[in-house]
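Please read them alongside the sequence and the coordinates.

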Amino acid sequence: MLSIINLNLIILISFLLTCTIIQVNGVYFYVSEGTEKCFEENAPNNTPITVNYNSRNNIGVQCAVVFKDPDNHEVYSKPVDSKESDGKAAYMTQNNGEHKICIRCESSNWFSTELIRWEMSIIKEGVIENIDISLIADRDQLDNVDLTIQRITKRINILLAESEYEHHQQDEFLYNTLSVNSRITLFSVLQIILSIMTTGCYLIYLKRFFKKQKFI
């Protein structure tokens with residue numbers, strides 16, 4: 001009976017892990033010297049973003065993996081040695097929104113336009129909470145079932161946090177949409193009023209003109 005429970009818990013944990021980790025695989029692109037190439041990743045606060053990169057044809061150009069916050073400020077940069085064909089860089093987000101992960105390559109000389117091929121995968125994990133399950137297990141000597149329940153609870157909290165963040169994004173989008181619609185409506189009303197006033201002034205002018213010319 002206990003083995004069946006453990007099996008079900010393992011299946012549930014695997015499902016939750018699948019739901020809380022997003023990975024982009026097989027992305028390759030070219031970066032010219034003196035330029036940078038960026039990718040956007042929407043992530044809530046306290047979310048680890050890990051970048052696995054590979055650049056096998058780099059012939060000595062100094063490059064870097066750069067993380068930018070939603071305000072487009074550079075928050076972290078990891079230099080990439082030209083002799084290092086692959087590596088990893090990670091950053092913990094500090095606020096909500098669209099973060100940018102960039103590959104930046106410096107220019108080796110004035111007239112060089114060398115194209116460097118990069119392969120990159122971006123892994124966005126769930127929101128990190130201040131819960132250390134291993135310490136709880138050591139302190140209270142929880143058995144495997146209790147420890148698994150703790151892990152499931154943590155994953156559920158992660159899903160709830162991401163759901164709350166998405167709900168906040170939807171509310172913000174709805175607010176912006178309603179604000180734009182109200183401005184468009186106000187502009188339309190003002191445009192109609194201006195058209196009526198212009199038409200009235202034009203009719204008054206025509207009436208005076210016709211009287212002056214003795215047409216009426």
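1. The unreviewed UniProt entry annotates residues 7-31 and 184-206 as "transmembrane region"; UniProt positions follow the numbering used here, feature names are shortened, and annotations may be inferred rather than shown by experiment. Over residues 184-206 the chain is 100% helix and 0% strand, with the end C-alpha atoms 33 Å apart.

2. This is a predicted model, in which local features need pLDDT of at least 70 and side-chain atom pairs count only at pLDDT 80 or more, while totals for chains, interfaces and linings use all residues. Residues are numbered from 1 along each chain as its sequence is written, and side-chain values use heavy atoms, leaving out hydrogens and water.

3. Mean pLDDT (the predictor's confidence in each residue, from 0 to 100) is 75 for the protein, and 73% of its residues reach 70 or more. Confidence is highest in S4, at 91, and lowest in helix H2 (residues 133-140), at a mean of 43; helices (H or I, at least four residues) and strands (E, at least two) are DSSP runs numbered from the N terminus.

4. Over residues 128-142 pLDDT stays under 50, and the model has 17 contacts (heavy atoms within 4.5 Å) for them beyond four places in sequence. For residues 9-13, where pLDDT also stays under 50, there are six such contacts.

5. Cys105 is one of the residues that touch the most other members of the 20-residue largest nonpolar core, a set of buried Ala, Val, Leu, Ile, Met, Phe, Trp, Tyr and Cys residues joined through side-chain atoms within 4.5 Å, where buried means under 20% relative accessible area (1.4 Å probe, protein chains only). S8 gives the most to this core, with four residues.

Notes: Buried means under 20% relative accessible area, exposed over 50%, partly exposed in between (1.4 Å probe, protein chains only).
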